Amino acid sequence: MIFVTFAFAFLIKGRLMGQDIYYKSVTADIIKQFSDTSKKTVIKQDLLLSYKKEFEYVLKFFPKMEFEQIEISATRGNKISKTIPSFSSMFQSPEKRKYTIALSSGTTKGLDSLIFLNLNINSRIGLISRQVAIIENLSTSGFFDMIFWHFKNLSKKGRTKLEHEAELKVLETGLGYQLLALSRSNDEKMKHEEELNTKSYKYYYKNYKNRFMDPESISNFIMDIPVYDVNNYKYKLKITTRNEKSF
């Protein structure tokens, strides 16, 4: 009886410790508790060093993901973010693969309000999680799968499919609230650009519209996926359900 009691207490303690990563809304004080003990993340520019803990927090949701290194960089370019494996990774086993997460430090198409450096902390976590989820999906891929992945990136339809797969992975791991924050933030900013009939909105509509899940779809997934019921999310806020209007 004593053994059963201790075993049950151990399981409960482990479960509670496992729940510590689940938050509806994260803050800098929450983020600073997490660190990458494996030392596998490399920040390339000083302007990103202050965000290192955010990357380390997201990696806690992917404990079984195999990789050798993730290099995080910031470059000026039209793509808000992109994640790519090194060329040699196609020929290596998952634990030896290296990846680069490239975040835009500024665009030439007027989308600066959407870049990583101009997002709030929850939206940044959402953007990071989407990029890490791409790595998670690639980490289980073989040689031919990785080649097909590169070919899919050549078409808008292929990129959209890959992005949706990554977002679904994010939702399954439990970072759906942060993905929702990112989606809502982008929608609000682009609605403002649309009202002004700017070139940036036209570029966004042509290249990014419908590539990612909209807030309503994300909210519906949160209502359906068990991880959000099983875990006691802190700082819960009301989300949009199928029968409610978005706010």
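**Notebook: a helix pair and the aromatic rings**

I began with the contact between two helices, where Glu54, Phe55, Tyr57, Val58 and Leu59 in helix 3 meet Ile121, Arg124, Ile125, Ile128, Ser129 and Val132 in helix 4. Sorting this contact of helix 3 with helix 4 by class, I noted eight nonpolar residues, two charged and one polar. I keep in mind that this is a predicted model.

I then looked up the geometry of the pair: the axes of helix 3 (residues 52–59) and helix 4 (residues 121–139) come within 9 Å, and they cross at roughly 55°. For the hand of the crossing between helix 3 and helix 4, I wrote down right-handed.

Next I turned to the aromatic rings, and found that the structure holds 15 aromatic pairs. In one of them, Phe87 and Phe91 have ring centres 5.4 Å apart and planes at 65°, so I recorded the pair as edge-to-face; both Phe87 and Phe91 are exposed.

Tyr201 and Tyr205 form a tilted aromatic pair, with 6.0 Å from centre to centre and 45° between the planes. I placed both Tyr201 and Tyr205 in helix 8 (residues 199–207), where they lie four residues apart, about one turn of the helix. Tyr201 is buried, at a relative accessible area of 15%, whereas Tyr205 is partly exposed, at 47%.

Note on methods:
Residues are numbered from 1 along each chain as its sequence is written. This is a predicted model: local features need pLDDT of at least 70, side-chain atom pairs count only at pLDDT 80 or more; totals for chains, interfaces and linings use all residues. Side-chain values use heavy atoms; hydrogens and water are left out. Axes are lines fitted to C-alpha atoms, for helices over the stretch in contact, and angles run from 0 to 180 degrees between N-to-C directions. A crossing is left-handed if the near helix is turned anticlockwise from the far one by less than a right angle, and right-handed if clockwise. Contact means heavy atoms within 4.5 Å. Ala, Val, Leu, Ile, Met, Phe, Trp, Tyr, Cys and Pro count as nonpolar, Asp, Glu, Lys and Arg as charged, and the others, Gly among them, as polar. Rings of Phe, Tyr and Trp (its six-membered ring) pair if their centres lie within 6.5 Å; planes under 30 degrees apart count as stacked, over 60 as edge-to-face and the rest as tilted. Buried means under 20% relative accessible area, exposed over 50%, partly exposed in between (1.4 Å probe, protein chains only).
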